[in-house]
Amino acid sequence: MTSGTLLLEARQVTQRFRLPNGQVLEALRDVSLSVCEHEVVALVGPSGCGKSTLLRLFAGLARPVDGAVLYRGQPLEGVLAAAAMVFQSFALLPWLTVAENVAMGLEARGVDGPARRDAVARAINLVGLDGFEQAYPKELSGGMKQRVGFARALAVAPEILLMDEPFGALDPLTAENLRSQVVDLWRDPATGVNTLVVVTHSVEEAVFLAGRIVVFGSNPGHVREELENALPYPRQERSPEFEDMVDRLHAILTATLLPEPVPTAPQRLVPFPRVHVSEVTGLLDHLLTRPGGKGPVFELAEDLGVDYDRMSAVVRAAEQLGWVTTPGEVVQLMPAGREVMAMDDAARKDATRARLAKQPLFARVVAMLKESEGAVEDEEVLADLTIYFPFIPADSLFGTIVEWGRYAELLDHDADAGRLSLLGLPEGSAETRGEA
Amino acid sequence: MKLLRFPPALTPPGLRRLGLADVAVLCLLGGAIATVVAFAREFEAPFSQAVAIDLRFTALPRYTLYSLSRGVLALLISYLFALSFGWAAAKSRAAERLLLPLLDILQSIPVLGFLPGLVLGLMSLFPTRNVGLELAAILMIFTAQAWNLALSFYNSLKSLPAPLRDACKVAGWKASRTFWQLEVPAAAQGLVWNGMLSMAGGWFFLMVNEAFRLGDHDYRLPGIGSYMSVALDQGNATAVLLAIFAMVLMIVCLDQLLWRPLVVWVEKFRLDDTTGGGPAPGSWVLEFLRRARLPRRAALLQRRAYRSARRAARPLERPFRAVGPVIWRAPRFALDHPVARRLGAGLVIAAVGAVALVGARSLWLLLAQLGTREWGALVSSAALTFVRVMGAVVVSTAWAVPAGVWIGRSPRLARALQPVIQVVASFPAPMLFPLVILLFERIGVGLGFGAVALMVLAGQWYILFNVISAVAAIPEQLKDAATVFRLPPLARWRALYLPAAFPALVTGWVTAAGGAWNGSIVAEYIEAGGTLRTTKGLGSLISEATAHANFPLLAGGIALMSLIVVGWNRLVWRSLMQWAQARFSLAA
């Protein structure tokens with residue numbers, strides 16, 4: 001139901017990066033997406049799914065390795081002049097005043113003299129920062145800083161406004177307030193802005209702002225699904241239609257984040273989610289307090305004050321250990337999970353060790369260690385991980401393996417020598433631990 | 001339409017409202033102009049060997065200003081170098097791969113050894129004027145100032161947050177604007193702090209730069225360094241003390257009038273919001289200058305002049321706008337086109353390679369003249385000097401670590417002593433060498449051991465500074481924890497202060513050892529009270545080769561010293577630094 005003319009288009013875009021450790025990560029693979037005039041498009045998905053990368057490609061800040069980015073049918077050359085951008089970290093120059101920061105983009109567009117002063121004053125007025133023209137950014141609160149960020153973008157009267165998690169660094173109250181102002185600005189014909197592309201981490205924010213929501217999947221980043229959101233503006237966050245939309249998006253995201261187990265070859269390696277031991281036990285603790293020991297993943301995330309992306313990673317870890325199941329959106333505590341929470345510390349470690357030994361990734365590391373008489377250089381494990389999981393930064397996955405291995409007294413790590421060694425054997429019985 | 005608010009325009013202040021601050025500004029301006037004119041005249045003066053140095057104290061202010069001008073000029077050149085060098089290294093991967101190792105070597109080799117070659121080369125360029133000698137002195141000061149500035153600029157370019165760069169690109173800023181309004185301001189703090197250190201480092205060889213013998217030639221430039229060396233030659237104690245006093249005065253004035261205000265001013269360009277804790281440093285000069293109206297008035301006039309100049313130039317702008325793109329097309333094509341770019345890079349690499357080959361060949365030709373006997377002397381002297389350098393590092397560590405921990409533990413003490421230590425550390429140690437040696441002779445210590453003490457003078461401050469700042473940066477909660485668990489004093493040192501200071505201590509060792517190697521050239525070969533004292537070592541070998549214009553031996557000495565310093569840096573200091581960072585870094 002896109003009505004306007006095609007403004008921005010990504011055609012089968014692929015983007016790769018080289019990490020400092022030399023590993024090449026694919027941020028986007030074969031992504032196609034178009035943005036039309038008068039649209040508000042939200043890009044959502046787990047972290048590392050390449051949504052911010054796509055936004056930078058749209059802005060012309062980077063070139064894709066493969067594929068093309070077009071503006072009005074023409075391939076982008078250099079930075080897209082028709083767009084302005086708002087950054088999560090505000091990206092204000094601390095040595096320029098508010099007025100000077102707002103004027104940053106005007107000179108390149110040939111706006112000079114009195115016209116520039118007018119444009120700056122108007123933009124500052126639009127975001128309600130009158131009186132702060134001569135302040136320096138460090139004198140302002142986070143919300144005020146982001147207002148400057150918006151004023152800087154609005155000052156150039158851009159056709160397209162690109163926003164990279166614009167409310168991500170703000171407290172909830174300030175974020176809510178700014179969010180509704182953004183909708184007002186978009187609906188206000190005086191600003192000249194008629195198309196928004198926003199990268200966000202918050203489901204409510206996407207539903208509140210966007211007419212079309214694009215859900216990304218990760219490893220490597222790709223478009224999973226697109227969702228039309230025809231709710232009339234201004235949107236009421238407590239209305240049943242709004243809640244409905246949020247639930248639909250939750251369902252889609254859950255399918256992305258917690259895919260139903262597909263029958264795979266038993267030998268296939270699965271990466272262990274990069275979460276801490278305490279997060280998983282925290283989740284189990286919380287589930288114990290809930291009736292029936294279950295709850296939808298988004299509700300759990302809200303209760304525990306973490307974002308859904310992190311929450312689903314914790315849930316996946318608990319699932320791999322056999323302590324919860326995830327039928328649909330619901331996380332259900334398993335009897336094994338209940339048992340493990342009832343144990344004392346030593347028994348819980350034993351149980352975890354037994355479970356970890358069955359997890360294919362840990363099983364592989366243990367097998368590797370056994371082959372080399374119980375100790376292996378870090379580099380060897382890292383090289384192995386890079387081969388099996390090219391889309392995951394190997395050192396961070398290695399850190400997770402070490403933490404869980406240490407907790408379960410399965411593995412030990414000597415940071416000085418850079419060596420991983422085997423502690424207890426995966427049979428997990430007490431005699432191999434050499435303890436009473 | 002809503003009434004829009006504008007920043008209040010600057011109202012031109014009336015002249016009668018000028019205050020004391022404005023008078024001071026005018027005086028400073030006049031003094032600076034007079035100094036520049038006098039210095040330019042000195043530049044232009046016909047060359048004469050061994051300028052007679054007037055030892056009366058009335059001549060001292062003029063000499064001090066000459067030396068100051070050389071230092072400031074060298075610093076300006078260093079800044080230019082640092083900006084271009086750092087920029088190139090940060091922007092191009094190829095340049096980075098070439099320039100960074102080069103910088104690493106340049107900052108660790110004894111530059112003093114290049115003085116003779118530089119002087120002879122520049123003298124042949126300007127045989128009749130003083131320019132050649134002056135330029136040689138300025139370039140020598142430059143070589144002591146430039147490297148850390150370049151490294152600092154490169155580092156801050158590399159650590160610039162990506163969103164800030166993106167914001168400038170989205171705003172459509174040209175590269176030049178991004179450079180002056182993003183990259184240089186973001187680096188301003190590092191550039192000022194390192195400039196302060198550079199200026200102090202530049203004074204180190206002041207005496208040698210302004211007065212030295214090369215074979216049977218005696219080169220001398222009017223300045224406080226040559227004043228000092230003539231005073232020492234003649235054994236004129238009053239003149240020696242006067243020179244020391246003038247030097248201290250100059251350093252204090254520079255600190256108060258130039259560096260303090262700059263340090264306070266660049267606080268504005270801090271990228272992170274957090275202040276370093278404690279009250280911000282203040283500068284009475286900056287406060288005073290902020291009260292002055294003249295600079296603001298000058299800024300207003302300048303803005304007006306700029307505007308009218310642009311208006312006047314407008315008729316010319318249109319033809320340029322038509323021609324401009326055509327002019328730029330060729331370089332832009334060269335930069336954008338892959339073949340052209342590769343060709344250009346190839347040419348640059350070829351040129352660099354050719355220069356390196358020619359240099360290596362001429363060095364080889366020089367070294368080939370050395371016989372086994374000379375090589376033996378070189379190696380045995382190098383071993384002696386190496387032992388002295390390490391001894392100097394050990395002695396410096398032995399006193400500077402306890403002192404540094406003691407000062408750094410108390411923020412109040414650190415704040416009070418910081419400026420004092422800064423001034424003392426800026427004082428060029430070689431100026432004190434003759435006095436120290438005379439003192440040692442009184443108590444019966446020869447130059448063999450005395451040189452170690454002199455090298456301590458040259459290197460100790462780096463260790464002290466680093467330890468103080470590392471201990472001062474220990475989080476308050478760690479100190480509280482040590483207090484709450486009632487760690488006995490010895491355990492507190494072993495578990496808290498020493499590990500926390502260790503990474504900084506290693507950095508201090510690197511610079512202190514470098515300073516000691518450099519210092520050996522003047523510490524092992526000293527003229528005091530009209531007599532020459534030497535002791536066997538690589539430094540004295542280099543000094544002697546210079547004095548007798550024995551170029552093969554000089555080249556051999558310099559090459560050997562460079563090799564030892566760079567090799568030791570690579571093999572020992574670097575791995576020690578990595579280990580210290582991994583093991584004792586406070587950042588989680």
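Trainee: How many helices and strands are there in chain B?
Mentor: Chain B has 21 helices and four strands, where helices (H or I, at least four residues) and strands (E, at least two) are DSSP runs numbered from the N terminus. This is a predicted model, in which local features need pLDDT of at least 70 and side-chain atom pairs count only at pLDDT 80 or more, while totals for chains, interfaces and linings use all residues. Residues are numbered from 1 along each chain as its sequence is written, and chains are lettered from A in the order in which they are written.

Trainee: And what share of chain B is buried?
Mentor: Of its 588 residues, 34% are buried, meaning that 20 or more other C-beta atoms, placed from the backbone, lie within 10 Å of the residue's own.

Trainee: Switching topic, how many residues does each chain bring to the contact?
Mentor: Chain A brings 24 residues and chain B brings 22, with contact defined as C-beta atoms, placed from the backbone, within 7 Å.

Trainee: Which helix gives the most on the chain B side?
Mentor: That is H6(B), with six residues; helix H6 (162-170) and helix H7 (175-202) of chain B each supply at least two.

Trainee: Now the sheet in chain A: what is the strand order?
Mentor: The order is E2-E1-E4-E5 (chain A), an open sheet of four strands with antiparallel pairing, where strands pair if DSSP finds at least two bridges between them. Strand E2 (24-36) and strand E5 (74-75) of chain A are the edge strands, each pairing on one side only.

Trainee: What stands opposite Gln74(A)?
Mentor: Tyr71(A) does, with Gln74(A) lying in E5(A); strand E4 (residues 66-71) of chain A pairs with E5(A) in the antiparallel sense over two bridges.

Key:
Contact = placed C-beta atoms within 7 Å. Buried ≥ 20, exposed ≤ 12 C-beta atoms within 10 Å, placed from the backbone.
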